[in-house]
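This report looks at a few helices of one protein model. Please view the sequence and the structure first.

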Amino acid sequence: MSFLKQETPRLPPWKVLLVDDEPDVHDVTKLTLSRFRLDGRALAFLDAYSGKEAKEILAREQDIALVFLDVVMENDHAGLEVARWLRQDQGNHFTRIVLRTGQPGQAPEESVIVEYDINDYKEKTELDRKKLFTTTFAALRGYRDIMTVEEARRFQSTYREGLERVIEASSHIFKQRNLYDFAHGLLQQVVALLQLENSMLVRLRGASGISEENKYEVIARIGDMENEEPIFTPELLTQLNETCINRISRLYGDTYVGYFPNNSGKTSLLVLQGVHDVSEVDAKLLEIFSSGVAIAFDNILLNQEITDTQGELIMRLGDVVESRSHEAGNHVRRMAEVCYLLATESGMDNDHAAILRQAAPMHDIGKIATPDAVLLKPGKLNAEEWEIMKQHPDVGMSILGGSQRPILHAAAVIAHQHHEKFDGSGYPQGLKGEEIHPFARIVAVADVFDALIQKRCYKPAWPIEDVLKHLQEVAGTHLDPQYVHILIRHVDQALAINTMYPD
């Protein structure tokens, strides 16, 4: 991250405040010290002709290194009052104070140095050119050394606080299991870490070297970059391409492009704007943070691949079951999306809603053991056949039950309970109301909605008005009224899902 460090700036002059009601004293002091240098830095003089003016300047200027302070000005103790105010009221123990007096009896040397935290005491008559030079040199050297120690203390404190922020940020984003949640959380933490406003995370779609806009996929954006059109300007594309070719993070003006390779072939790139003000401490913090993020991305992408594969297998197994019972091909996909819609709109947290979305296609997995003579019978089932059909929830539980994997565990609950009814008249356990798991109650609503809105070999599709009327009629008996009302409020979204996955 050395490229984030600033060039060493030219150091400003030492600020020296002259406080004296005699203009000649100001002029002589400036002339005598005109060629003074310490560490290559000259002096910049500020003038105050009273204690009141001195306070105003000291309150305004926070980096005054040295004050030459007269004692007697608007009153006999004006200078001493300034010293007391600076040390006690302002809490400034860094600025060096050299007391200059033409009337030594007005301010005894020993008591003044002890009581007012004065760094040096000189009578005006003894401050010839040589002594004025050595007094100034000693005072400024003392100020320099004190500020060096203070800067080290602040650096240590800032770095410690920064590390705490890194640890807190890392622990937060590492909890994210979903790639896009992780990416957005990462951006939020980087923005907070570096006090930046604009950032974007993109991913290389593949390992090819084709420099085209569709080569990159935006994972998350924060700040003005959320509204920027177009996203990939020619300048940004050039920067991204160069970073990928060189395989190293780089600063382009005030835009930082971080390079995070992984084993998936989908390199991640972090784009930060406004990094020209990043301090050395923040640069180190970003380096520490980024090293952990690179590892986390590999883990997240691996988990994402496993989750996606698991979801695909579940979806395909659901397709097999539905096709065996002559259900429509996209039934399980519509079910999954409508269930997710109901879950999120009900206030269910995203993790649980995502699990429901992946588990819902397995709701009828138990039908895999139902004989064809019963499952495919075109007419109404007799009592014996109906008892056989009613066994499929228990079969589904026996197939999926016992797994500690969240998706399979959820699928087992759904398979076992999705034929329970809100009034307790369902099967196989006769559960009632909230005894039925929310996943199963949501699946029941989605299943009835899809069965009515879609055409089947044994019936035409119902008009949407009739579907909504029926749902309202069975709310509180067959179906949970809470989820029925959510579906009715968001029926346009449910219909859009049906359009997206037609039979």
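## Helices in the model

Just after helix α3, G91 has a positive phi of about 70°. The model is predicted, so local features need pLDDT of at least 70, side-chain atom pairs count only at pLDDT 80 or more, and totals for chains, interfaces and linings use all residues. Residues are numbered from 1 along each chain as its sequence is written, and side-chain values use heavy atoms, with hydrogens and water left out.

Helices are DSSP runs (H or I, at least four residues), numbered from the N terminus. The expected span is 1.5 Å times one less than the number of residues.

| Helix | Residues | End-to-end C-alpha distance | Expected span |
|---|---|---|---|
| α7 | 234-246 | 18 Å | 18 Å |

Buried means under 20% relative accessible area, with a 1.4 Å probe and protein chains only. In α3 the buried residues include L80, W85 and L86. In α7 they are L236, L237, Q239, L240, N241, T243 and C244. Just after α7, R247 has a positive phi of about 55°.

Helix α9 (residues 331-345) packs against helix α18 (residues 491-500) at about 160°, with the axes 9 Å apart. Axes are lines fitted to C-alpha atoms over the stretch in contact, and angles run from 0 to 180 degrees between N-to-C directions. The two helices, α9 and α18, are therefore roughly antiparallel (angles over 145 degrees). Residues R334, E337, V338 and L341 of α9 contact Q493, A494, I497 and N498 of α18 (heavy atoms within 4.5 Å).

Note on methods: Buried < 20%, exposed > 50% of the residue type's maximum accessible area, 1.4 Å probe, protein only. Parallel < 35°, antiparallel > 145°, perpendicular 65-115°, else oblique.
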